[in-house]
Amino acid sequence: MRKEGHGNNRWSKGAGGSEDCPVIMAHATIYVGPQLLRRASRTFPTHPALVVLRHSAFCYCTVNGTIKSKMKTDHLERTANNFRQEVISQAKVCGITNESDTVKRLRLAIANKDFTFKAGQWVDFFIPGLSVVGGFSICSSPGLLEREGILELAVKHTDHPPAHWIHTECTLDSEVALRVGADLQGCQESKGNGDKIEAAKLYYSAKNTSELLFKKNILGLMNAFPGKITCHFHVTQQSSQICEELQPHVTEGRISEKDLEKHVSKDTLWYICGPPPMTESISKLLSDIGVPRNRVFFEKWW
């Protein structure tokens with residue numbers, strides 16, 4: 001699961017115009033009160049990240065245009081115009097799981113009862129003694145937070161200081177602080193609502209099946225909602241035998257034009273999540289097969 005998150009967007013009718021069907025491409029690298037702020041500032045050195053950003057909401061799941069990768073900047077600089085909630089909550093690490101050789105899942109017990117989020121949002125991730133602020137997608141449901149006060153993140157190992165800290169120094173009972181960013185409710189309302197989601201199709205590419213994060217969860221959803229949720233897994237460097245359970249759903253090789261063109265219609269919405277080269281490649285592929293720019297959305301975190 002990639003760091004920085006997805007947006008909540010309206011999904012429309014899908015392939016052939018017969019059903020509501022978003023098609024999502026993913027790559028497994030793959031949702032203040034003064035007293036609290038003073039408390040957080042005692043734990044975390046004074047930092048611009050602790051300034052509440054009240055700018056108008058910015059739909060960073062941007063309508064596709066010409067995509068140009070830029071030199072990576074600090075998370076806060078990249079998202080300076082994104083809406084943030086005012087609540088900054090302290091949190092304690094209560095679980096660490098290796099989702100793959102390169103991805104750890106963190107379970108975080110949230111201290112503040114006013115901390116909430118919507119599916120697809122991300123968090124600013126503050127680490128004591130570390131000046132660099134992380135930005136990570138939330139991979140658990142709002143329901144888990146409501147029921148148990150728990151939030152989960154899936155973080156891939158990189159040299160970026162927050163991700164490196166999670167993989168090398170973070171332990172059970174480590175304390176951090178979180179703030180939710182990118183509430184896209186305004187974007188949703190501006191587009192209208194009322195369309196019923198009939199089906200979703202996911203194309204999910206990774207190096208090998210061990211890097212297909214949450215594959216058991218996805219298979220469970222496919223079984224629970226037959227015909228409504230489908231997933232096509234792609235692996236590009238598989239060297240071992242693919243397990244029997246996954247075999248019917250796995251294709252060796254990259255996501256291709258042939259895979260996607262069958263879903264092209266005037267009503268299908270396309271969401272792309274992945275690293276810049278993959279996002280640029282898929283975006284160009286969709287343009288080449290006639291998908292209008294205003295039907296393609298992607299994360300832009302670079």
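Me: What are Y204 and F233 in this model, buried or exposed?
Reply: Both are buried. Buried means under 20% relative accessible area, exposed over 50%, and partly exposed in between, with a 1.4 Å probe and protein chains only. Keep in mind that this is a predicted model, where local features need pLDDT of at least 70, side-chain atom pairs count only at pLDDT 80 or more, and totals for chains, interfaces and linings use all residues. Residues are numbered from 1 along each chain as its sequence is written, and side-chain values use heavy atoms, with hydrogens and water left out.

Me: How many aromatic pairs does a search of the whole structure find?
Reply: Four. Rings of Phe, Tyr and Trp (its six-membered ring) pair if their centres lie within 6.5 Å; planes under 30 degrees apart count as stacked, over 60 as edge-to-face and the rest as tilted.

Me: What makes Y204 and F233 a tilted pair?
Reply: Their centres are 5.8 Å apart and their planes stand at 45°, so by the cut-offs for rings they pair, and the pair is tilted. Y204 sits in strand β9 and F233 in strand β10, so the pair ties together parts 29 residues apart in sequence. Strands (E, at least two residues) and helices (H or I, at least four) are DSSP runs, numbered from the N terminus.

Me: Then what makes Y271 and F297 stacked?
Reply: Here the planes are 20° apart and the centres 5.3 Å, so the angle falls under the limit for stacked.

Me: Why does Y271 count as buried?
Reply: Because its relative accessibility is 8%, which is under the cut-off. F297, at 4%, counts as buried too.

Me: What about H234, buried or exposed?
Reply: H234 lies in strand β10 and counts as buried, because its relative accessibility is 1%. Contact means heavy atoms within 4.5 Å; leaving aside neighbours within four places in sequence, H234 is in contact with residues including Y203, Y204, T251 and D259.

Me: How do you know that the buried residues of α6 line one face?
Reply: In helix α6 (residues 215–224) the buried residues are I218, L219 and M222. Seen down the axis, they fall within an arc of 100°, so they line one face of the helix. The arc is that of the directions from the helix axis to the C-beta atoms. On the other side, K216, N223 and A224 are exposed. The buried residues pack against β9 (200–206) and β10 (229–235).

Me: What makes strand β8 largely enclosed?
Reply: Six of the seven residues of β8 (residues 175–181) are buried, so the rest of the structure largely encloses it. Strands pair if DSSP finds at least two bridges between them. Four bridges join β3 (residues 89–98) to β8, running antiparallel, so that counts as a pair. Five bridges join β5 (residues 122–126) to β8, also antiparallel, and V123 stands opposite V180.

Me: Where does pLDDT stay under 50?
Reply: pLDDT is the predictor's confidence in each residue, from 0 to 100. The protein averages 75, and 70% of the residues score at least 70. Residues 26–71 stay under 50, and residues 185–194 are also below 50. Where pLDDT is low, the predicted coordinates should not be read in detail.
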